[in-house]
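The questions below go through one protein chain step by step. Each answer ends on the value or name asked for.

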Amino acid sequence: MEEKLPYETRPLQLANGDFVEEFDIPNEDKEIVLEQLYPFTPVPKLNQRMYDIHADKYFVVREFRVTWEHGMNWLVSPYYPECGGTVIDWVEER
């Protein structure tokens, strides 16, 4: 089990009806959290566009979400509640 991020959470309902905790990360901390949770190198810039392969949609990295599930912090796309795309499903803009 990893350490839970030190931010307030709120319930987030997923497409399957389940609820998870979503962190409320202040804009000024987004870069720090991204650098902490992004599992690959290089870490993208907050203004970079990425593509969520599950949602078949683009987003700007700063729109990422972080959830707390199964004792872990999950870095996910803004479309996570509808499609389930986590950071491993992000690809650079084509």
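Helices (H or I, at least four residues) and strands (E, at least two) are DSSP runs, numbered from the N terminus. This is a predicted model, in which local features need pLDDT of at least 70, side-chain atom pairs count only at pLDDT 80 or more, and totals for chains, interfaces and linings use all residues. Residues are numbered from 1 along each chain as its sequence is written, and side-chain values use heavy atoms, with hydrogens and water left out.

Q: In what pattern do the helices and strands follow along the sequence of the protein chain?
A: The protein chain has two helices and seven strands. Read along the sequence, their order is β-β-α-β-β-β-β-α-β.

Q: What is the radius of gyration of the protein chain?
A: The radius of gyration is taken over C-alpha atoms, and the globule rule is 2.2 Å times the number of residues to the power 0.38. For 94 residues the rule gives 12 Å, and the computed value is close to that, so the chain is as compact as a globular protein of that length. The radius of gyration is 13 Å.

Q: What percentage of the residues in the protein chain is buried?
A: Buried means under 20% relative accessible area, exposed over 50%, and partly exposed in between (1.4 Å probe, protein chains only). Of the 94 residues in the protein chain, the buried share is 43%.

Q: Is Pro 44 buried or exposed?
A: Pro 44 lies in the loop between helix 1 and strand 3. Leaving aside neighbours within four places in sequence, Pro 44 is in contact with Leu 34, Tyr 38 and Val 61. The C-alpha atoms of Pro 44 and Val 61 are separated by 7.4 Å, although the two are 17 residues apart along the chain. With a relative accessible area of 9%, Pro 44 is buried.

Q: What is the omega of the peptide bond from Thr 41 to Pro 42?
A: Most residues other than glycine have a negative phi, and most peptide bonds are trans. Pro 42 lies in the loop between helix 1 and strand 3 (49–52). The bond from Thr 41 to Pro 42 is cis, with omega near -5 degrees.

Q: What is the phi of Asp 56?
A: Asp 56 lies in the loop between strand 3 and strand 4 (57–60). At 55% relative accessibility, Asp 56 counts as exposed. Its phi is positive, in a residue other than glycine, and is near 60 degrees.

Q: Is His 70 buried or exposed?
A: His 70 lies in the loop between strand 5 and strand 6 (72–76). Phi of His 70 is near 55 degrees, a positive value. With a relative accessible area of 73%, His 70 is exposed.

Note on methods: Contact means heavy atoms within 4.5 Å.
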